[in-house]
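Visitor: I have a model open and would like to learn how to read it. Please take me through its features.

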Amino acid sequence: MAKPLLPDELWEIIEPVLPQWTPSPKGGQPRLDDRQVLTGILFVLKTGIPWEDLPCELGCGCGMTCWRRLRDWQTDGTWLKIHQILLGRLRAADKLDWSRAPVDASFVRAAYGGEGTGPSPVDRSKPGSKHHVMTEAQGIPLAASTTAANVNEIDQLAPLCNAIPPVAGKPGHPQSRPDAVLGDRAYDSEPHREGLRQLGVDPLLAQKGTKHGSGLGKFRWVVERTISWIHQNRRLRLRYERRPDIHQAFLTLACIKICAAFLFSE
């Protein structure tokens, strides 16, 4: 049997976070169940299918219903809240390793252009975007963002660090800073090293012009694996959305899926 797109244990975490809907006093068509809609959204994310081709057999309503719910939940921060809650559950289960946080980025082509895209330096200047991801030591995503393809990786280092949510799950203050940040030569910057030190984070960033063999590769590979997991979702392998908020919503959803896989693994 095929694995369910939205397992019961994940839905039990997500359901209380979704905003409550108040029906209109004027009546109207009954609202489609949130779980059905979220299943449709996850189906589009996984398969890359166009919204208008969403199969009726799934019982998820029409594609525009799913698109609007995805947009609304992105606008009110629902996806980020779910991601933060899952990170808290992982910390409570001692499944987060804060000893180091590798960071990396990957290009994706933008099929139809749109806001937040730019000429790709690795794809003959065709429109594209870049996924920036920071994980903990095992590859669990802590933060992820989308920019135009021509944005330098180093420009997103500070925003990624600041985007790590305060992770609860244990007594005391929430944690939001790793012990060290690991990056390749694209993150070589003395001002950024100093900024990380001021946050109490050890900057382990490779320097340009030095020979290979820094030793960071044996720790950094986990973020590259996480990016490959993210791109197993076909909707993120090629950017179809003209709106950057919709593409970012899909990226956060992919991070939620990875966190859930780590949380519910034996």
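This is a predicted model: local features need pLDDT of at least 70, side-chain atom pairs count only at pLDDT 80 or more; totals for chains, interfaces and linings use all residues.

Visitor: How many cavities of 30 Å³ or more does a search of the whole structure find?

Guide: Rolling a probe the size of a water molecule over the atoms shows where empty space is left. On a 1 Å grid over the protein atoms alone, a cavity is a set of points where a 1.4 Å probe fits but cannot get out. A pocket is an open set with protein on both sides within 12 Å along at least five of seven lines. Lining residues have an atom within 4 Å of a point. Grid points are joined across faces, edges and corners, and a volume is the space filled by probe spheres set on the points. Here the search finds one cavity of 30 Å³ or more. The largest cavity holds about 30 Å³ of space.

Visitor: Which residues line the largest cavity?

Guide: Its lining is Leu 6, Leu 10, Ile 14, Leu 38, Leu 42, Leu 253, Ile 256 and Lys 257. Helix H1 (8-14), helix H2 (34-47) and helix H9 (244-263) each give two or more residues to it. Helices (H or I, at least four residues) and strands (E, at least two) are DSSP runs, numbered from the N terminus. H9 gives the most, with three residues. By class, the lining has seven nonpolar residues, no polar and one charged. Ala, Val, Leu, Ile, Met, Phe, Trp, Tyr, Cys and Pro count as nonpolar, Asp, Glu, Lys and Arg as charged, and the others, Gly among them, as polar.

Visitor: What volume has the largest pocket, and which residues are closest to its centre?

Guide: The largest pocket has a volume of about 670 Å³. Of its 18 lining residues, Lys 3, Pro 4, Leu 5, Lys 257 and Ala 261 are the closest to its centre. H1 and H9 each supply at least two lining residues. H9 again gives the most, here six. The lining divides into eleven nonpolar, three polar and four charged residues.

Visitor: What about the second largest pocket?

Guide: Its volume is about 320 Å³. It is lined by 15 residues, and Trp 21, Arg 31, Leu 32, Thr 65 and Arg 69 are the closest to its centre. Six of the lining residues are nonpolar, four polar and five charged.

Visitor: How do I read a helix such as H7?

Guide: Start with its span. The expected value is 1.5 Å times one less than the number of residues. H7 (residues 217-230) has 14 residues and reaches 20 Å from its first C-alpha to its last, close to the 20 Å expected.

Visitor: Which residues of H7 are buried?

Guide: An α-helix has 3.6 residues a turn, so residues three or four places apart point the same way. Buried means under 20% relative accessible area, exposed over 50%, partly exposed in between (1.4 Å probe, protein chains only). In H7 the buried residues are Arg 220, Val 222, Val 223, Thr 226, Ile 227 and Ile 230. Seen down the axis of H7, they fall within an arc of 140°, so they line one face of the helix. That arc is taken from the directions from the helix axis to the C-beta atoms. Their cover includes strand E1 (101-109), strand E3 (127-135), strand E4 (141-148), strand E5 (180-183), helix H8 (234-237) and H9. Contact means heavy atoms within 4.5 Å.

Visitor: Where is Arg 124, and what is its phi?

Guide: Most residues other than glycine have a negative phi. Arg 124 has a positive phi of about 50°. It sits in the loop between strand E2 (118-119) and E3. Ser 125 is found in that loop too, with phi near 65°. Arg 124 counts as exposed at 67% relative accessibility, and Ser 125 counts as exposed at 53%.

Visitor: Which residues does Ser 145 touch?

Guide: Ser 145 lies in strand E4 and is buried, with a relative accessible area of 14%. Not counting residues up to four places away in sequence, Ser 145 touches Lys 130, His 131, His 132, Gln 156, Leu 160, Gln 248 and Leu 251. Ser 145 and Leu 251 are 106 residues apart in sequence and 7.6 Å apart in space, C-alpha to C-alpha.

How values were computed
Residues are numbered from 1 along each chain as its sequence is written. Side-chain values use heavy atoms; hydrogens and water are left out.
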